[in-house]
Amino acid sequence: MENVLRIEKILDFCDVPQLFVARDAFDTLYLCLLYEDELLCRYTGIRISARRLEDFLSGGIDLRSLFIHPENKHEYFDVVFQTGQYQHERLMEKSLPEDKLPAEGYVRRYA
């Protein structure tokens with residue numbers, strides 16, 4: 001299925017993946033951030049280039065900046081874990097509400 005994502009790397013985990021990198025059927029990279037884990041785990045996803053992901057992993061850019069200014073302007077995805085897989089669909093939102101954004105200053109240094 002074209003709307004299925006497969007996790008490539010979990011960057012933050014607490015009971016469930018909080019932040020992860022995934023790929024779709026076309027090998028496009030996504031960065032997905034958990035915003036709800038009540039009935040289903042729901043994530044906000046953005047497409048991300050390998051270069052920009054590396055900037056984040058090396059501490060050169062914070063997570064909030066990535067989600068406020070995605071490379072594909074105004075392109076966000078709703079990612080839901082159901083039936084054993086992560087499925088994504090494009091959101092029609094031009095910007096994200098505060099409850100779907102990470103806090104300022106979250107910088108990831110990944111070894």
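Histidine 74 sits in the loop that links helix H2 (63-68) to strand E5 (77-82). In this predicted model, the phi angle of histidine 74 is near 60°, a positive value in a residue other than glycine.

Threonine 83 belongs to the loop between E5 and strand E6 (85-90). Its relative accessibility is 71%, over the 50% limit, so threonine 83 counts as exposed.

With a relative accessibility of 8%, which is under 20%, glutamate 75 counts as buried. Setting aside residues up to four places away in sequence, glutamate 75 touches Gly45, Ile46, Arg47, Pro70 and Arg90. The side chain of glutamate 75 is also joined to that of asparagine 72 by a polar contact of 2.8 Å. Aspartate 37, by comparison, is 38 residues from glutamate 75 in sequence, and the C-alpha atoms of the two are 22 Å apart in space.

Accessibility of selected residues is listed below.

| Residue | Relative accessible area | Class |
|---|---|---|
| Isoleucine 10 | 37% | partly exposed |
| Glutamate 75 | 8% | buried |
| Threonine 83 | 71% | exposed |

Isoleucine 10 is located in strand E1 (residues 4-14). Together with Ile7 and Phe13, Ile10 forms a nonpolar patch on the surface, and the accessible area of the three residues is about 250 Å² in total.

The overall fold can be described next. The chain contains 2 helices and 6 strands, and its elements follow the order β-β-β-β-α-α-β-β from the N terminus on. Along the principal axes, the C-alpha atoms fill a box of roughly 35 × 30 × 30 Å. The radius of gyration of the chain is 13 Å, which agrees with the value near 13 Å that a compact globule of 111 residues would have.

Buried residues account for 43% of the 111 residues in the chain. Among contacts with a separation of 6 or more, 45% involve residues 24 or more positions apart. The accessible surface of the chain amounts to about 6,400 Å², and carbon and sulfur atoms contribute 49% of that surface.

Notes:
Residues numbered from 1 in each chain as written. Predicted model: local features only at pLDDT ≥ 70, side-chain atom pairs only at ≥ 80, totals over all residues. Heavy atoms only, no water. Patch = residues over 30% accessible without salt bridge, like charges linked within 9 Å, V, L, I, M, F, W, Y side chains within 5 Å. Areas by Shrake-Rupley, 256 points an atom, 1.4 Å probe, with all protein chains shown as cover. Salt bridge = Lys/Arg side-chain N within 4 Å of Asp/Glu carboxyl O. Helix = DSSP H or I, 4+ residues; strand = E, 2+ residues; numbered from the N terminus. Buried < 20%, exposed > 50% of the residue type's maximum accessible area, 1.4 Å probe, protein only. Contact = heavy atoms within 4.5 Å. Polar contact = N/O pair within 3.5 Å; in protein donor to acceptor, adjacent residues only side chain to side chain. Rg over C-alpha atoms; globule rule 2.2 N^0.38 Å.
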